[in-house]
Amino acid sequence: MTSHFLFQAVIYLLAAVVAVPVAKRFGLGSVLGYLIAGVVIGPSLFNLVGQVEDVQHFAEFGVVMMLFVVGLELRPSLLWRLRGPILGTGSAQVILTAAAASGVALISGQTWPVAVTIGLTLAMSSTAIVIQSLAERNVLNTRGGQACFSVLLFQDIAVIPILALLPWLARANGSQISQPTGHSHESALAHFPPWAQSLITLGAVVAVVIVAHYFLRYVFRYVAAAKLRELFTAVALLVVAGVAYMMQLVGLSAALGTFIAGVVLAESEYRHQLEADVEPFKGLLLGLFFIAVGAGLNLSLVLAQPGLIAALTIGLIGLKFVILLGIGSAFRLGWGSSFLFACALAQGGEFCFVLLGMAGQQGLVSSDTAGPLSAAIALSMALTPLMLILNDRVIQPRFAKLKAEREHDAVESHDHPVILAGFGRFGHIIGRLLENSGFGVTVLDNDPDQVELLGRFGMKAFYGDASRADLLASAGAAKAKLFVCAIDSEEKSLEVIDLVQQEFPHLRILARAVSRSHAYELIKRGVMDFRRDTLGSAVDLGADILRALGYRAHRALRTVQTFKCYEEESVRELAKHYGGDQSAYISIARQHIQNLESLLREDMKRQHLDNEDAWDTAGPKS
Amino acid sequence: MNRVLILFAHPALHRSRMNAAMMGAVQDLSGVTFHDLYEEYPDYHIEVDAEQKLLLEHEVIVWQHPFYWYSAPALMKEWQDVVLEHGFAYGDEGKALHGKKLLSALTTGGPEEAYQHDGQNRFTMRELLAPFDQTSHLCGMTYLEPFILHAVNRYTQPEIEAAAQRYRERILALM
């Protein structure tokens, strides 16, 4: 291991460790943090790292892993349901953007094959930045998020025919191929006739599906039986790397291949283990990838032609934004989702660099053209997190308000007024209570056994993940009044609540809080109707204990009721201090609890009528 | 022999000497059911059927409680509200309690002379007890001469025990 390698590792890791938490704290998201870190250590500023391209190629494996993880979270059934959006919004985005960008290129004097090349290139968006940013916001499963994902997936697939198209465009342009192509996307099957190539390619995909679906579970079981944690991680990485390699051999995108493998494995019982194992590698490599994109930003070029590059960047973003917004409304995403869709995808992507590189090799795009274009693409990628922040803070709140106002006029719904997410130990009590009280409840749970059980008792139940907008919509979220979240996982619960607030702002949310910190997160989201799931039963048992210690029943009950009131108040009060400095929080909390305790003692005396002087406790004065 | 149901309501028994002593004096009598409402229903969720069944099983009903704001503690009122149902205790079909006897057994903080027209409380005990009397009447029960202990905070311990004994004798006489 050379000291040069270690130096590089230290620089990259240090940049990430310093920049990302700062960016997160300022609410900018991790992607922007990585990008800024990249710019700082890159050749344009401090030049602490050498060849960025090598690192970038290596880090592209992070994108591959990301699609594997995305695939793992997508069941085939959901993917099948997304086929419409993928083909519809996806093709519309690529074709319209390519046409518009080509048009601009033609007007600015390029020949038509060059213009088409540039158009197709600029149609691409950044899968890495978009998915990472949307996942960080918990909006991947919203309608807007799913639309983004559909388009990105379509682009991923579209890259393959576009790459195949480039040599043909080059011939049409009469360009000279400047150098033999050595790019990773070049297929090892070049010497086969085209029909055999297609057949082998198709065979490879089918092989991935069959192996992943039928055989990998035996491999996983065998390896898991060895009870070596790192061995399972090795197998998980082997699957990703193996599929990626195979796809590259047959000329498919590695990311697409691993995505397919991920989708197939989404139904496997090893899904969570795989996800957990791949996740940290994915995160680090993706971070590295973003740093590399940041470092690759050629600031000197930007400074040399600031006007041109600014115009290109703004033009690129503006053009894509307008087209995306149009597609969003044409496909009836609703304005809120359309703006998310447009803000998220209005940039160039990593595929642009690949395509520009290929086009350069084919002699299609000169370096004079490619340089400013690359800079504009990189800048547009760097601006994406900012666009999304703008969307979060300025655009979406307007729609939320607009929607909320409109809902007041809504007609009385005769569908079930309550949607209940989670029908486990907590939720089923609520479900039965409401049902017995004569209220219609639509129950969502992702445990099929539980759902089946419910069905036998005649309750309308949906099997599935409440964090999916389409499932909520089909559960009647548009007409319901209340959304009850009784999910036991904090993370999932918040994800679902974020989704409901975003997609169905008219629903009043009542939630089960699993812990104090969960309660704080709920308060942060404005969900004040929550109950901590253990508080009620703990104080109930507490009352029984007080009775066993000699309290009268009524006094015991009063005691715990008073205590509970103070607990509830304390959580709401302390929530104001949560999330900042931990030690400050602890000292405030301690102070607060002390104050509460003395107040509580006073109040209890009063509740027990201990302050009253009217009782005969003391007896005669004499 | 009459069976006696004592419905007892005290929200702060841990502060009481007299009611505790009265309770001790009667609760072990055979033929007496001592029913401690605040202990049974601390959350005010009264089981109506069980309470009505108890009433049917007894010929004499006693409401024992401190005379709280010229009336009964809240849970006793709640008991009246939900147990003395139309069709059970009153109304054309409500004859379940007809012929039973009802006794109010009360303790007050104020002395007897305060419960006079020229006293601090401006009304006599019997006047203030009109709602209890009429409730009993509407349910077809005989409202007995109330058992009242005034100014209980002035009682010494021996006096309390003697008073509790008098209460026991009153109950025994009803059986």
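Reader: Hey, new to this one. How do strand β1 and strand β2 of chain B pair, parallel or antiparallel?
Author: They run parallel: β1 (residues 4–8) and β2 (residues 32–36) of chain B pair over 5 bridges. Keep in mind that this is a predicted model.

Reader: Got it. What does the chain pass through from β1(B) to β2(B)?
Author: Helix α1 of chain B, residues 18–26. That makes a β-α-β crossover, and it is right-handed.

Reader: And which residue in β2(B) does B:Leu5 stand opposite?
Author: B:Leu5 faces B:Thr33 there.

Reader: Switching to chain A. How many helices and strands does it have?
Author: Chain A has 25 helices and 6 strands. Of its 622 residues, 42% are buried.

Reader: What about contacts within chain A, how many join residues at least 24 apart?
Author: 71%, counting contacts between residues at least 6 apart in sequence.

Reader: I clicked on A:Gly526. Where is it?
Author: In a loop of chain A, between α22 (516–524) and β6 (530–532).

Reader: Is A:Gly526 buried or exposed, and why?
Author: A:Gly526 is exposed, because it has 9 C-beta neighbours inside 10 Å, and the cut-off for exposed is 12 or fewer.

Reader: How many residues apart in sequence are A:Gly526 and A:Ile509?
Author: They are 17 residues apart, and their C-alpha atoms lie 9.4 Å from each other.

Reader: Last topic: how many residues does each chain put into the contact between A and B?
Author: Chain A gives 16 residues and chain B gives 18. On the chain A side, 8 are nonpolar, 4 polar and 4 charged.

How values were computed:
Residues numbered from 1 in each chain as written. Chains lettered and ligands numbered in written order. Predicted model: local features only at pLDDT ≥ 70, side-chain atom pairs only at ≥ 80, totals over all residues. Contact = placed C-beta atoms within 7 Å. Nonpolar A, V, L, I, M, F, W, Y, C, P; charged D, E, K, R; others polar. Pairing = 2+ DSSP bridges. Helix = DSSP H or I, 4+ residues; strand = E, 2+ residues; numbered from the N terminus. Right-handed = clockwise from strand over helix to strand, strands pointing away. Buried ≥ 20, exposed ≤ 12 C-beta atoms within 10 Å, placed from the backbone.
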